[in-house]
Amino acid sequence: MPVSDHELRAAWKTVLGLSKVRVGEVVTVLANRSTHPQNLAAATAALHDLGAVVTRLELEPCNAEKSQSRDPLAYLGDTPLTGNPAAMAACLASDMVLDLMLLLFSPEQQQILESGTRILLAVEPPEVLVRLVPTLEDKARVGAAAERLAASRVMRVKSPAGTDVCFQLGQYPPVQEYGFVDEQGRWDHWPSGFILTWPNEGQSEGRIVIDRGDIVLPLKRYLSDPITLEVRAGYATRIDGGLEAELLREYMEGFNDPEGYAISHIGWGLQPRARWSTLSLYDREETIAMDARAFAGNFLFSLGPNLEVGGTRNTACHIDVPLRGCTVTLDDEPVVIDGSLA
Ligand SMILES: [Fe+2]
């Protein structure tokens, strides 16, 4: 359903309020031609309602000659801020950046955060944002999961489909995604609602079976046949299966980067209002499928970069896969049982 300007502006005011936007705060809004115009207008109006000093910065898109699709997650690394000191100066001088274009996993994003500026990413269409407005309960649920994750040294994941994989933990901290930015230097993404971390470098071992019905992103497909990944010393070393495995292999080969096969973030979905089935209702270019990443009880793993937690793996290739039906344990204590939160 379409969203009224009034309702979307109210949703933005809620999220910006949770993000502690105050009178006189300096906020830079980053947009490009893929930014949804209703989001841009509503975010700007809500910022003015809250008394912020607003700058809108329209940046040129980049990477079109290298990316294999129009999904903003289909090619990472360089962004329109790369080599753009004027735009970087605006971001660094701001209390907050609203990212309505997607800087994810870029060195520039890390630099902005390290300066103390907080960044809120929001690129889903207005009706998804309105349905998944974050709450303090979301933050509490994600925070509790972060505490458990921070205290754990081994994550093991099993499923009836054949997944049996083990990740050693401790090198990297948990990252909480609850949908708003209420601390200096914090990054978050509206909508979300999940917990993630990165396994120790080189210490992921086992087999991951992406089952029929599971979603592979950014391909945005529900599998009709399973894909099996062999995981050795922190990398996916084989990708076997039918047509969809072929498509995934071919897609990843396009980056010509062995680091794209590294195990990246791992965690589980904690958002009861996000749905596995939502992606089936959308044209694939209308969404980046945050429902698929956040729905409660999924095991979300990924392949690709680790810049977000201070690593040096700056690969352009990034695959996200939320699995259903898994049992996830931390030091032998379950946090997800058969695809439901424990
Ligand atoms: Fe990811």
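Reader: Which residue in S4 is the bridge partner of Met-96?

Author: Arg-118 is the bridge partner of Met-96 in S4. This is a predicted model, with pLDDT of at least 70 needed for local features and 80 or more for side-chain atom pairs, while totals for chains, interfaces and linings use all residues. Residues are numbered from 1 along each chain as its sequence is written, and side-chain values use heavy atoms, leaving out hydrogens and water.

Reader: And how do S3 and S4 pair, over how many bridges?

Author: S3 (residues 96–99) pairs with S4 in the parallel sense, over four bridges. Two strands pair here if DSSP finds at least two bridges between them. Strands (E, at least two residues) and helices (H or I, at least four) are DSSP runs, numbered from the N terminus.

Reader: What do S3, H4 and S4 make together?

Author: A right-handed β-α-β unit, with H4 covering residues 107–114. Right-handed means that, with the strands pointing away from the viewer, the path from the first strand over the helix to the second runs clockwise.

Reader: Which residue in S8 stands opposite Leu-120?

Author: That's Asp-188. S4 and S8 (residues 187–189) pair in the parallel sense over three bridges.

Reader: Are the two faces of S4 buried or exposed?

Author: Buried on both: Arg-118 and Leu-120 cover one side, Ile-119 and Leu-121 the other. Buried means under 20% relative accessible area, exposed over 50%, partly exposed in between, using a 1.4 Å probe and protein chains only.

Reader: Switching to aromatics. How many pairs are there?

Author: Six aromatic pairs, counting rings of Phe, Tyr and Trp (its six-membered ring) with centres within 6.5 Å; planes under 30 degrees apart are stacked, over 60 edge-to-face, and the rest tilted. One of them is Tyr-251 with Phe-255, edge-to-face at 5.3 Å centre to centre and 75° between the planes. Tyr-251 is buried at 9% relative accessibility, and Phe-255 is buried at 13%.

Reader: What about Phe-299 and Phe-301, how do they pair?

Author: They are stacked, with 6.1 Å between centres and 15° between planes. Phe-299 is buried at 1% relative accessibility, and Phe-301 is buried with a relative accessible area of 1%. Ring pairs also bring Phe-167 into a cluster with Phe-299 and Phe-301.

Reader: OK, Thr-287. Where is it, and which side chain does it have a polar contact with?

Author: Thr-287 is in the loop between S15 (263–269) and H8 (290–294), and counts as buried at 8% relative accessibility. Its side chain has a polar contact of 2.9 Å with that of Glu-124. A polar contact is a pair of N or O atoms within 3.5 Å; within protein, one must be able to donate a hydrogen and the other to accept it, and residues adjacent in sequence count only if both atoms are side-chain atoms.

Reader: Where are the cis peptide bonds?

Author: One joins Trp-190 and Pro-191, with omega about 5°. Pro-191 is in the loop between S8 and S9 (194–197). Another joins Leu-217 and Pro-218, with omega about 10°.

Reader: And Ala-289 and Asp-338, what's phi there?

Author: Phi is positive at Ala-289, about 70°, although Ala-289 is not a glycine. Asp-338, also not a glycine, has a positive phi of about 50°. Ala-289 is buried at 4%, whereas Asp-338 is exposed at 54%.
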